[in-house]
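Let's go through some structural labels and ask what stands behind each one. Here is the model we will be talking about.

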Amino acid sequence: MKSIDDLISGYRRFRAGDYAQQANLYRELGQGQDPNIMLIACADSRAEPSDIFNAAPGQLFVVRNVANLVPPYQPDGGLHGVSAALEYAVNVLKVGHIVVMGHGGCGGIAASLDGAGNPAIGEFVTPWVRLLEKARERVVESGSVNPQFALELEGVEVSIANLMTFPFVAKAVEAGELSLHGAWFAIVHGELHWRNAKTGRFEVISAT
């Protein structure tokens, strides 16, 4: 899509197509939502969670931001969008699963690798990707042949660890009411890699 006219045309196709075919579903959703999965993904336009998981409206509670990051619990009175969404998902919607999904070629990850101490990356992006600072240092020190890919996976690990700093998340996990998951999507190949909770390794999910 290149213009607002393209957006309007897309809306009209939606009304004539998907909406018309799922009118009853949309009427039900108008009364409220009850998703069981929260998905934290990157804002990148190429990694659309609903497309990747073939999800219908109302099935996923999605939060998207630069590099699919979850900040640590920080009750300092600041404006915390991800934390607010997380609180709502766990305490109000009572989701049973939270998935953090990274992706190939992530610009936020590239900014972390390229922008250490470089304010030119952006006034807001620079401090945001500092959430990856320790992970970036580990990746650089490891001498990885593909630091971009390595940090994309490490970024998922950082966000999962940060999720557990929220008391209400830790409580729900310890009670067996909530499970945390990691994933990574390869845009070029259309492959989904799922984090094995026991080994911490990312394994390719069969497409059939």
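Q: What makes G190 stand out in the hairpin of β4 and β5?
A: G190 takes a positive phi near 70 degrees there, in a hairpin with four residues between the strands. Strands here are DSSP runs of E with at least two residues, and helices are runs of H or I with at least four, numbered from the N terminus. A word on the source: this is a predicted model, where local features need pLDDT of at least 70, side-chain atom pairs count only at pLDDT 80 or more, and totals for chains, interfaces and linings use all residues. Residues are numbered from 1 along each chain as its sequence is written, and side-chain values use heavy atoms, with hydrogens and water left out.

Q: How do you know that β4 and β5 pair?
A: Two strands pair if DSSP finds at least two bridges between them. β4 and β5 have four bridges, in the antiparallel sense, so they meet that definition. Within this pairing, W184 has H193 in β5 as its bridge partner.

Q: What happens on the β6 side of β5?
A: β5 and β6 (residues 202–204) pair in the antiparallel sense over three bridges, and R195 is bridged to F202 in β6. The two strands form a hairpin with six residues between them, and G200 in the turn has a positive phi of about 80 degrees.

Q: Why is R195 called buried?
A: Buried means under 20% relative accessible area, exposed over 50%, and partly exposed in between (1.4 Å probe, protein chains only). R195 has 18% relative accessibility, so it counts as buried.

Q: What makes the link between R195 and E157 a polar contact?
A: The term asks for a pair of N or O atoms within 3.5 Å; within protein, one must be able to donate a hydrogen and the other to accept it, and residues adjacent in sequence count only if both atoms are side-chain atoms. The side chains of R195 and E157 are joined at 2.8 Å.

Q: How do you know that the "binding site" positions C42, D44, H103 and C106 cluster in space?
A: These positions come from an unreviewed UniProt entry; they are given in the numbering used here, feature names are shortened, and annotations may be inferred rather than shown by experiment. They are spread over 65 residues of sequence, yet the largest C-alpha distance is 8.8 Å.

Q: Are C42 and D44 buried or exposed?
A: C42, in strand β1, is buried with a relative accessible area of 6%. D44, in the loop between β1 and α4, counts as buried at 15%.
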